[in-house]
Amino acid sequence: MKQKEKFIQDFYKIQSELALLSKQKKRVESQLTLTTKALEELPKISDKKVYKIINNVLIQKNTVDVIGELNEKKVKLSSQLTSLEEDLEKGITKLKKMGLDFNGTHKSNLDNFDFDENRNSSEYILRPFDLFN
């Protein structure tokens, strides 16, 4: 019985990590989209100065400097997104491995479960008992 309880505990832990990673991925994707749109719009501005909000203070900055900052931010966000996607894939793989065979007696239904990271993170809810016939 202990082994099954540990399995269920590990299963829920990985599942909650997947939900958290999914939320983080959506946040990073949103920031990346906004940054990309800003980078597309800034060159269209005829002024050499733009305004930027820093800690609730509006300051005037050189447009070229802001474009440089946004390019750096875009690179960092792209790197974060790649890392989150890799972590999501690792978690999904762990869950699939857990479901392949538990204690040599149960077959998994996990391969039939759709792990779409674009789903709402609450849709990742899957009971460990759903893994077994």
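**Salt bridges, hairpin and nonpolar cores**

K52 forms a salt bridge with E69, in which the closest N and O atoms are 2.2 Å apart. Because K52 lies in strand β1 and E69 in helix α2, this pair ties together parts that are 17 residues apart in sequence. The structure described here is a predicted model. K52 counts as partly exposed, at 25% relative accessibility, and E69 is likewise partly exposed, with a relative accessible area of 28%. The side chain of E69 also meets that of K61 in a salt bridge, at 2.4 Å from N to O. K61 has a relative accessibility of 19% and counts as buried, since the limit for a buried residue is under 20%.

Salt bridges that share partners also join K25, E29 and E85 into one network. K25 is buried, with a relative accessible area of 4%, whereas E29 is partly exposed at 26% relative accessibility. In the whole structure, six salt bridges are found.

Strand β1, which holds K52, comprises residues 49–54 and runs antiparallel to strand β2, residues 57–62; six bridges join the two strands. Two residues lie between the strands of this hairpin, and N55 takes a positive phi near 50 degrees. Across the strand pair, I53 stands opposite L58 in β2. These two residues form a nonpolar patch on the surface together with Y51, and the accessible area of the three is about 390 Å². Y51 is placed in strand β1 and, at 59% relative accessibility, counts as exposed, because the exposed class begins over 50%.

In soluble globular proteins, nonpolar side chains tend to be buried together. In the present model, the largest nonpolar core has 15 residues, and L18, V28, L95 and M98 are those with the most contacts inside it. The largest share, eight residues, comes from α1. Beyond residues up to four places away in sequence, V28 touches L77, Q80, L81 and L84. A second, separate core consists of five residues, among them L39, L42, V66 and L70.

Conventions: Residues are numbered from 1 along each chain as its sequence is written. This is a predicted model: local features need pLDDT of at least 70, side-chain atom pairs count only at pLDDT 80 or more; totals for chains, interfaces and linings use all residues. Side-chain values use heavy atoms; hydrogens and water are left out. Two strands pair if DSSP finds at least two bridges between them. Helices (H or I, at least four residues) and strands (E, at least two) are DSSP runs, numbered from the N terminus. Patches are made of residues with over 30% relative accessible area and no salt bridge: like charges are joined within 9 Å, nonpolar side chains (Val, Leu, Ile, Met, Phe, Trp, Tyr) within 5 Å. Accessible areas come from the Shrake-Rupley method with a 1.4 Å probe; for residues, only the protein chains shown count as cover. A salt bridge is a side-chain nitrogen of Lys or Arg within 4 Å of a carboxyl oxygen of Asp or Glu. Buried means under 20% relative accessible area, exposed over 50%, partly exposed in between (1.4 Å probe, protein chains only). A nonpolar core is a set of buried Ala, Val, Leu, Ile, Met, Phe, Trp, Tyr and Cys residues joined through side-chain atoms within 4.5 Å. Contact means heavy atoms within 4.5 Å.
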